[in-house]
Amino acid sequence: MENSYEKIWRNCLSIIKDNISTSSFATWFAPIQPVSLENNVLTIQVPSQFFYEWLEEHYIDLLRKTIKRELGKSGRLEYSIIMDNSPSGATTKPFTVPAPTLNKKVLHNPLVSMPINLNQDESKTIPNPFIIPGLKKVNIHSNLNENYNFSNFVQGDSNRLARSAGIAVGQNPGKTSFNPLLIYSPNGLGKTHLAHAIGIEVKNNFPEKTVLYVSAEQFTNQFIDSVRNNNQNDFIHFYQMIDVLIVDDIYCFAGKEKTQDVFFHIFNYLHQKGKQIVITSDLPPVEMKGIEPRLLSRFKWGLSADLQVPDFETRVAILQKKLYNEGVVMPQQVIDLIAYSIVTNVREMEGALISILAQASMNKKEITVELAMMVIDKFVKHTPREISIEFIQKMVSEYFHIPIEKIYSDSRKREIVQARQLAMYLSKTFTKSSLSIIGIKCGNKDHATVLHACKTVKNLSDTDKKYKKCVDELENIIRVRT
Ligand code: ADP
Ligand code: MG
């Protein structure tokens, strides 16, 4: 028979399920086990400290309400956190070499194409230059790019889960429930950056740990080489020595059965030893065609977190960080313009930024909105930009030097009313939005207000030359950006 705490928790889950997305539910609630119910205190077991903190940070209100509904006002929730005691995962353990034969055996480091002979005592060559005989520490070059660290990775709603999970992994490799950690997103949204950042974080926290960043393509080529040179075992041994293995763009394995097979074995070995695996992909596991089901099922053991398109504020922050790192100053209007114009790919956005800087310095021109528009137009030629109501509002706000909040407000001040009416009129002209949508987005006005605004702008344009000039100018500003 089901225990009362199980029943209570089941009821809680059904409430929670209705209130959050399926993927959040699967990630954060499905792994929870109810443990007991005593004195109206429901205890639930969560897989880790991080997990608990995440719940407290993001779902506390929902949990509170749910518990109150199920257990009444005096109901309480307590967590029991599973501590990971697996011996192999001990974080302070010095690096030990798994194979006792290491110094004798020929281990080929697949990351090095030109073997260097470091060994003078033995007649046999040791083609792995990273193994220093006599030292029990293996020094493998991590392949990490120092610039791709966490402090350069701007946080936003679009990357919150992946970034937090990445930090947790960086602080506790192999010991969180995020093993493997799979990061996926379309191109140019920061997977590679985040993958490096995790590696760097591990290196900072645990210098003795062996971290390796490798692209799936590199891995594949090394494997093919090892088959050709008949040293597959060395290849496998090499990978088995890694504490934190980061494989970028795993989807490159699609259709390559032998590579997947060898990766499967390495994966199992490392996972079993409590070593951390981080994977990136441009597709979520369910859509990875050509990847064997047994490998896919391994990917699902840990956490899959996606990177989404960053919102406007995050895009601006990314550009600002980049500029700060480069030690360059750029007018805010230009930064905003770039962030407005290039939406779905951070790499392209950075490309535009660099081109603008280059254009300005090569031609000794000032960085102006006009120059930026020219460059951006070249960048985004193939993707016709859709003008949004928000963009128009921003242009109007800048043109009149009136803060956007005032445009949204109910103020009846003449200049504010005028700006608001123009924003409505231009939204009607340049977007396909209905009058009521425009009204809602201009501070919850009704559609009649928008209609009235459009008529007023037309009438004034016909009778007031100065006003008409204003409208024309604004239209031009917006037009050159389409
Ligand atoms: P992906 O691997 O997903 O194709 P990258 O990691 O190569 O994307 O990112 C493309 C560029 O965008 C990199 O220069 C990276 O530094 C930058 N970038 C992406 N997201 C962020 C972010 N949140 N903060 C700072 N830079 C970012
Ligand atoms: Mg990448």
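Helix 11 (residues 312-326) is covered in part by other helices: what lies over its buried residues includes helix 12 (332-341) and helix 13 (346-362). Contact here means heavy atoms within 4.5 Å. Helices (H or I, at least four residues) and strands (E, at least two) are DSSP runs, numbered from the N terminus. The structure is a predicted model, in which local features need pLDDT of at least 70, side-chain atom pairs count only at pLDDT 80 or more, and totals for chains, interfaces and linings use all residues. Residues are numbered from 1 along each chain as its sequence is written, and side-chain values use heavy atoms, with hydrogens and water left out.

The buried residues of helix 11 are Phe 312, Thr 314, Arg 315, Val 316, Ile 318, Leu 319 and Leu 323. Buried means under 20% relative accessible area, exposed over 50%, and partly exposed in between (1.4 Å probe, protein chains only). An α-helix has 3.6 residues a turn, so residues three or four places apart point the same way. After the helix comes Gly 327, with a positive phi near 70°.

Strand 7 (residues 276-281) has six of its six residues buried. On one side these are Gln 276, Val 278 and Thr 280, and on the other Ile 277, Ile 279 and Ser 281. Two strands pair if DSSP finds at least two bridges between them. Strand 4 (residues 181-184) pairs with strand 7 in the parallel sense over four bridges, and Tyr 184 stands opposite Ser 281. Strand 6 (residues 244-248) also pairs with strand 7 in the parallel sense, over four bridges; there, Ile 246 has Val 278 as its bridge partner. From strand 6 the chain passes through helix 9 (residues 257-272) to strand 7 in a right-handed β-α-β crossover, meaning that, with the strands pointing away from the viewer, the path from the first strand over the helix to the second runs clockwise.

Finally, Asp 446 lies in the loop between helix 18 (435-441) and helix 19 (447-463). Asp 446 counts as partly exposed because its relative accessibility is 45%. Its side chain is joined to that of Thr 449 by a polar contact of 2.6 Å, that is, a pair of N or O atoms within 3.5 Å, where within protein one must be able to donate a hydrogen and the other to accept it, and residues adjacent in sequence count only if both atoms are side-chain atoms.

How values were computed: Chains are lettered from A and ligands numbered from 1 in the order in which they are written.
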